[in-house]
Every structure is written in C-alpha cells, then in structure tokens.
Amino acid sequence: MGYFARRTEKGPDRGVDVVATSDALGLDSPRIKVQVKHRSQRASVGDMRNIIATLRLPERGLFVSTGGFTREALYEADRTPQGTSVNTLKGDEFIELLMEHYERMEPEARAMIPLKRVFIPID
C-alpha cells in the first residue's frame, strides 16, 4: 500500500507490533503504529488503551483484531486525543485488504502468506 513497515522486537511490545512510514528511513509523517491481536475474543478497552498510550503527535494508530472489538474499545478509539487517531480493522476487513493488495506486496511478504490464484469457470 506504499508504506515501509517493520516489525518490532519479539517480547513485550507495549502495544505496538509494527511501525509503518511513507519513507524507507522512517522520517516522514505519518508514522503508523500497528497493534495486531490474532484471537477469537474481541479486543478490550484495555487493549485499545495500550496502543493509544504509545501515540505521540502526529502519529496514527491501527489496531487489527481477528476477533473484532468490544463496544467499549471502539468508543475508546473514537476518543483519542486531538491530532492522533486509531483506526480499527476486523479480521474480515484485513482479509479484504490483503486480497486487494496481494499482487503488489513485496515477494518476502507474499512468501509469509503464500496464496494461489484459482479460476472457477462460470457457466
């Protein structure tokens, strides 16, 4: 999608799994901090507060949760301090974006998620 992304170090991430920027050196805005939760239960308000606490002006947040979000977590995302924001992405929305942008992904990224195009004839 035109961003340069890097994973944070393994271990306690303090609410950030990926940092993405529009330039390779990470100097240009916006700087996007991403939290990813791959689990069946919905992300809680506490989970949301963890990523919000990492944001500094003019950073943005993106919270991806395959299990979705509690109502309170979504409310907290809407209340972020002025100048920052946290967008949310549920599992099905992530899959849609992945499919839409898969062909343009770097080969290393596609190797982590190997997909094969299948054509189904329609009569």
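Visitor: Which residue forms a salt bridge with Glu59, and how far apart are the closest N and O atoms?

Guide: The general idea is that side chains of opposite charge can pair when their charged atoms come close. In this predicted model, Glu59 is paired with Lys33, and their closest N and O atoms are 3.1 Å apart. The pair links distant parts of the chain, 26 residues apart: Glu59 is in the loop between H1 and S4, and Lys33 is in strand S3.

Visitor: Are Glu59 and Lys33 buried or exposed?

Guide: A residue counts as buried when its relative accessible area is under 20%. Glu59 has 9% and is therefore buried. Lys33, with 11%, is buried as well. Salt bridges that share partners also join Arg31, Lys33 and Glu59 into one network.

Visitor: How many salt bridges does the structure hold?

Guide: There are 7 salt bridges in the structure. Among them is the one between Arg79 and Glu76, with the closest N and O atoms 3.1 Å apart. Arg79 is partly exposed at 48% relative accessibility, whereas Glu76 is buried at 12%. Another joins Glu103 to Arg117, with a closest N and O separation of 3.3 Å. Glu103 lies in the loop between H3 and helix H4 (107-112) and Arg117 in the segment after H4, so this bridge ties together parts 14 residues apart in sequence. Both Glu103 and Arg117 are exposed.

Visitor: Which residues form the negative surface patch?

Guide: The negative patch consists of Asp92, Glu93, Glu96 and Glu100. Glu100 belongs to helix H3, which covers residues 91-101. With a relative accessible area of 54%, Glu100 is exposed, because the cut-off for that class is over 50%.

Visitor: Which residues make the nonpolar surface patch?

Guide: Phe94, Ile95, Met99 and Leu115 make a nonpolar patch of about 370 Å². Phe94 is found in helix H3. Phe94 is partly exposed, its relative accessible area being 36%.

Visitor: How many aromatic pairs does the structure hold, and how is the arrangement of the rings of Phe63 and Phe69 to be read?

Guide: The structure holds 1 aromatic pair. To read such a pair, one looks at the angle between the ring planes, and an angle over 60 degrees counts as edge-to-face. The rings of Phe63 and Phe69 have centres 5.3 Å apart and planes at 85°, so they are edge-to-face. Phe63 and Phe69 are both buried.

Visitor: How many helices and strands does the chain have, and what order do the elements follow?

Guide: The chain contains 4 helices and 5 strands. Read from the N terminus, the elements follow the order β-β-β-α-β-α-β-α-α.

Visitor: What does the C-alpha trace span, and what share of the residues is buried?

Guide: Along its principal axes, the C-alpha trace spans about 50 × 35 × 30 Å. Of the 123 residues in the chain, 32% are buried.

Conventions
Residues are numbered from 1 along each chain as its sequence is written. This is a predicted model: local features need pLDDT of at least 70, side-chain atom pairs count only at pLDDT 80 or more; totals for chains, interfaces and linings use all residues. Side-chain values use heavy atoms; hydrogens and water are left out. Patches are made of residues with over 30% relative accessible area and no salt bridge: like charges are joined within 9 Å, nonpolar side chains (Val, Leu, Ile, Met, Phe, Trp, Tyr) within 5 Å. Accessible areas come from the Shrake-Rupley method with a 1.4 Å probe; for residues, only the protein chains shown count as cover. A salt bridge is a side-chain nitrogen of Lys or Arg within 4 Å of a carboxyl oxygen of Asp or Glu. Lys and Arg count as positive and Asp and Glu as negative; His and the chain ends are not counted. The place of a charge is taken as NZ of Lys, CZ of Arg, CG of Asp or CD of Glu. Helices (H or I, at least four residues) and strands (E, at least two) are DSSP runs, numbered from the N terminus. Buried means under 20% relative accessible area, exposed over 50%, partly exposed in between (1.4 Å probe, protein chains only). Rings of Phe, Tyr and Trp (its six-membered ring) pair if their centres lie within 6.5 Å; planes under 30 degrees apart count as stacked, over 60 as edge-to-face and the rest as tilted.
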